[in-house]
Amino acid sequence: MENYSIVIFILAIMIMLSAVADKIKLPYPVLLISAGIGIGFIPALPNITLNPDIVFLIFLPPLLYDAAFNISPQEFKTNFNTIGTLAIGLVFLTAGAVAVIAHYLIPGMSWPLAFVLGAILSATDAVAAMSITKGLGLSHKTVTILEGESLINDASALVTYHFAIAAATGTAFIFWKASLEFITLMAGGVLAGIVVGRILAMILKKVHQNDLVTISFMLLMPFVTYLMAEELHVSGVIAVVVLGLMIARISGKVFPEKLKQQSRSIWDIIIFLLNGLIFIIIGLQFPYIIKSIPSHQILPYIGYGFIITLAALLLRMGRVFLQQINLDQAFKKGKGRITENALLDFKNSLIISWSGMRGIVSLAIAIGLPMTLKDEAPFPERNAIIFISVVVVLFTLIGQGISLPWIVKAVKLSPADKKTPH
C-alpha cells in the first residue's frame, strides 16, 4: 500500500467500528469484514492489493509470537496430541478432501490445481476464532488447543502449498524427497528458534533493568527470527513459535511485574491494530477479486465455495470428535502419555470444531499464486482459485463468526460443563 492516507483512513474506520461492535454485541471481525467489502465497492477508491510478503513479514511474526508467548507451556504439552492431530494430520487431510471436491466439482480444475486450492484452504485461522470468542469464557483447554493449532498449522499449510505449486508448475514430485524437505523445514525452524531464543535470553538477562531496551528487543526479535529462518530456507513460522515459547519461560523468572505490564500493554495495542487491519483487508479484497471473474461464473463459484466450506467444516467436526473417542480409549487402556486433563468433552469438541475458520494466511497464499508456469504460460484457473479461496474465507469468518458466540453460550448451559475451569 503506497497511499498512506488510505492506510490511515482504514485504521480510523477499524478503530471506530471496533468500538461500535462492542456496543451492538457483534463480533468485531464480522463487522470489519463487512465494512471492508462495502468500502471496497466505493468507485473513487483505488484498488488496494494485498502483498503476500507483507502479510508473512508484518502480520504473521508478531501474531504468532504473541500467541506462543501467552500460551501455557504445561497446557500445551498436555494437549499436544490433539494439537498435533489438528495442526498436521487434519491440514493434510483437509487439503486432500478439498482437492477431491474441487477436481470433480469445478470445470477445468485439474488434479494439481485442485491440490493447490486444497493447500490454500487447509489451515484454520485461530486469530479469528480467538477474536470472536474473547470474553466468552472458554476453558483453558479449548483456548490452548486453538492457539496451539494455529502456531503449527500455518507451517504445515505452507509446506503443502509449496509442494502443490511445484506439481502445478511442472516440477516433478517425489514423495520421499517431499517428506524429507518437510522434516528439514520443521526441524530447521525449531533449531533457528532455539538459537535466537537463547541469544535473546542472554541479552534480556543483561538489559532487563532497562525497560525500553528490553521491550524494544522483544518487539524486534520476531521479525528478525522470521527473516533469518526464511533466509536459511527453514520454517520461519515454527522459528517464531519456538522463540515465543522460550521467552515466555524466562519472562516469569527475569522480568519484574512492572516490565511485564508495560510489555503487555504495548503488545495488546499492536495485536489489536494488526487483527483489525487483517479483517478489514480481507473484506477489501472481495470487490477487487470479483472484478477478475466473468459475471456468469460468479454465482457458480460462490456455490462451489459454499460446498467446500461445508465439507471442510464437517470433516473437521468428524476428526475432532474422533480424536475425543481416541483419547478416551487411550486413557482407559493406560497407553501413552494421555492424562485425564488431555481428554475432550462434548463442549470442547464442538467449539474446537466450529472454530475452524479460514483467514489471512489462506488469503495471502492465494493472492501470492504465481502468474505464470515454468514455460511462461499463464497460470491456469488462477482467478478462479483466488476467488473461491476468498469466498470460503468470507463464508467461514462471517457464517461461523456470527454463530460461534451463540454456540459457546448454548453449550455453557450444559450441566456437565459447569465443572470446566474458566
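**Exercises on cavities and a helix pair**

The largest cavity is lined by Gly 40, Leu 45, Pro 46, Asn 47, Ile 48, Leu 284, Pro 287, Tyr 288 and Lys 291. The model is predicted, with local features needing pLDDT of at least 70 and side-chain atom pairs pLDDT 80 or more, while totals for chains, interfaces and linings use all residues. Residues are numbered from 1 along each chain as its sequence is written, and side-chain values use heavy atoms, without hydrogens and water.

**Exercise 1.** State the volume of the largest cavity and sort its lining by class.

*Solution.* Step 1: a cavity is a set of points on a 1 Å grid over the protein atoms alone where a 1.4 Å probe fits but cannot get out, and lining residues have an atom within 4 Å of a point. Step 2: the volume, the space filled by probe spheres set on the points, is about 60 Å³. Step 3: Ala, Val, Leu, Ile, Met, Phe, Trp, Tyr, Cys and Pro count as nonpolar, Asp, Glu, Lys and Arg as charged, and the others, Gly among them, as polar. Step 4: the lining divides into 6 nonpolar, 2 polar and 1 charged.

**Exercise 2.** Find which helix gives the most to each lining.

*Solution.* Step 1: helices are DSSP runs (H or I, at least four residues), numbered from the N terminus. Step 2: for the largest cavity, helix 12 (residues 257-290) gives the most, with 3 residues. Step 3: for the second largest cavity, of about 50 Å³, helix 5 gives the most, with 4 residues. Step 4: this second lining has 5 nonpolar, 4 polar and 3 charged residues.

Note on methods
On a 1 Å grid over the protein atoms alone, a cavity is a set of points where a 1.4 Å probe fits but cannot get out, and a pocket is an open set with protein on both sides within 12 Å along at least five of seven lines; lining residues have an atom within 4 Å of a point. Helices (H or I, at least four residues) and strands (E, at least two) are DSSP runs, numbered from the N terminus.
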